[in-house]
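Here is a friendly walk through one structure, with an eye on its charged pairs, its rings and one of its helices. Have your viewer ready and follow along.

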Amino acid sequence: MPNKFAELAFTKASKELQTKLGSRGAYERVERSGRTQDRLGEPEQDFIASRDSFYMATVSESGWPYVQFRGGDVGFLKVVDNQTIRFPDFRGNRQYISAGNLSGNDRISLILMDYPNQTRLKILGHVEVLEEPTRQQLKDLLGAGKQESLVERVITIHVEAYDWNCPQHITPRFTEAEIKAMVQPLLDRIKLLEEENARLTPAKKS
């Protein structure tokens, strides 16, 4: 079986550049590796489910690409099965550029980042859009959500291919929650030392 990501992403022009710049041999082996990369395995599903944001690219009818950021609580990007993911599209600045692009071209590309671990997952797929979902549809498709009043549409992505990207040039960054988790043992230790110091320090006479 051919590698689906390579089949979709490696155009004639890309292959010509790979040949010119010396990487074609390595990527030919990728294409023949037998790893189809069109079904999300357990590592991919776990990674997707643990994201609180991603970047998505669409293309307009005039041919211009457009990239947007999407974010929410961890788990807002849901794995439905090994070829389907879904997320609520929240009300934003009401430009509707991505939504407009998807109404004419259902292709989409996602990049999911894990900055602390310098890891990224790329996904290519086709989109199915449900506009103005009812509360019951939101519950059926996404489960209970505290921000359901902000959901304008539900976007379902039928995954065509995925690829793990190399960690080069990813600068580690940390969210407030990640930093808090890292420093919490230090804060706990400081608190214990302060309490011990208070017990050992004689009280001042008035």
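Is R153 buried or exposed, going by its relative accessibility? R153 counts as buried, at 8% relative accessibility, where buried means under 20% relative accessible area, exposed means over 50%, and partly exposed is what lies in between (1.4 Å probe, protein chains only).

Before going further, a word on the model: it is predicted, so local features need pLDDT of at least 70 and side-chain atom pairs count only at pLDDT 80 or more, while totals for chains, interfaces and linings use all residues. Residues are numbered from 1 along each chain as its sequence is written, and side-chain values use heavy atoms, with hydrogens and water left out.

**Charged pairs**

Side chains of opposite charge can pair when their charged atoms come close. The structure holds 11 salt bridges, each defined as a side-chain nitrogen of Lys or Arg within 4 Å of a carboxyl oxygen of Asp or Glu. Three of them are set out here.

| Salt bridge | N to O distance |
|---|---|
| K4 and E160 | 2.9 Å |
| R91 and E152 | 3.6 Å |
| R153 and E131 | 3.1 Å |

R153 forms its salt bridge with E131. R153 lies in strand β7 and E131 in strand β6 (residues 119-131), so this pair ties together parts that are 22 residues apart in sequence. (Helices here are DSSP runs of H or I with at least four residues, strands are runs of E with at least two, and both are numbered from the N terminus.) While R153 is buried, E131 is partly exposed, at 42% relative accessibility.

The side chains of R91 and E152 also meet in a salt bridge. The pair links distant parts of the chain, with R91 in the loop between β4 (84-90) and α5 (97-104) and E152 in strand β7, 61 residues apart. R91 counts as partly exposed at 40%, whereas E152 is buried at 13%. Salt bridges that share partners join R70, D89, R91, R94, E131, E152 and R153 into one network.

The salt bridge of K4 with E160 also links distant parts of the chain: K4 is in helix α1 (residues 4-9) and E160 in strand β7 (residues 151-165), 156 residues apart. E160 is partly exposed, with a relative accessible area of 24%.

**Rings**

A search of the whole structure finds five aromatic pairs. Rings of Phe, Tyr and Trp (its six-membered ring) pair if their centres lie within 6.5 Å; planes under 30 degrees apart count as stacked, over 60 as edge-to-face and the rest as tilted.

F10 and Y27 have ring centres 5.3 Å apart and planes at 70°, so they make an edge-to-face pair. F10 sits in the loop between α1 and α2 (12-21), and Y27 in helix α3 (residues 24-31), 17 residues apart. F10 is buried at 15%, and Y27 is partly exposed at 35%.

F47 and W164 are edge-to-face too, because their centres are 5.0 Å apart and their planes at 75°. F47 belongs to helix α4 (residues 42-49) and W164 to strand β7, so the pair ties together parts that are 117 residues apart in sequence. F47 counts as buried at 9%, while W164 is partly exposed at 29%. Elsewhere, ring pairs link F54, F76 and F87 into a cluster.

**Helix α7**

Helix α7 (residues 176-200) has 25 residues and reaches 35 Å from its first C-alpha to its last, close to the 36 Å expected at 1.5 Å a residue; the expected span is 1.5 Å times one less than the number of residues. A kink of about 45° lies at V183 in α7, shortly before the proline P185, the bend being the angle between axes fitted to the seven residues ending there and the seven starting there.

L186 lies in this helix and is exposed, with a relative accessible area of 56%. L186 is one of the residues in a nonpolar surface patch, together with F174, I179, M182, V183, L187 and I190, and their accessible area together is about 630 Å². Such patches are made of residues with over 30% relative accessible area and no salt bridge; like charges are joined within 9 Å, and nonpolar side chains (Val, Leu, Ile, Met, Phe, Trp, Tyr) within 5 Å. The areas come from the Shrake-Rupley method with a 1.4 Å probe, and for residues only the protein chains shown count as cover.

**Backbone**

Most residues other than glycine have a negative phi, and most peptide bonds are trans. Phi of E132 is near 45°, a positive value; E132 lies in the loop between β6 and α6.
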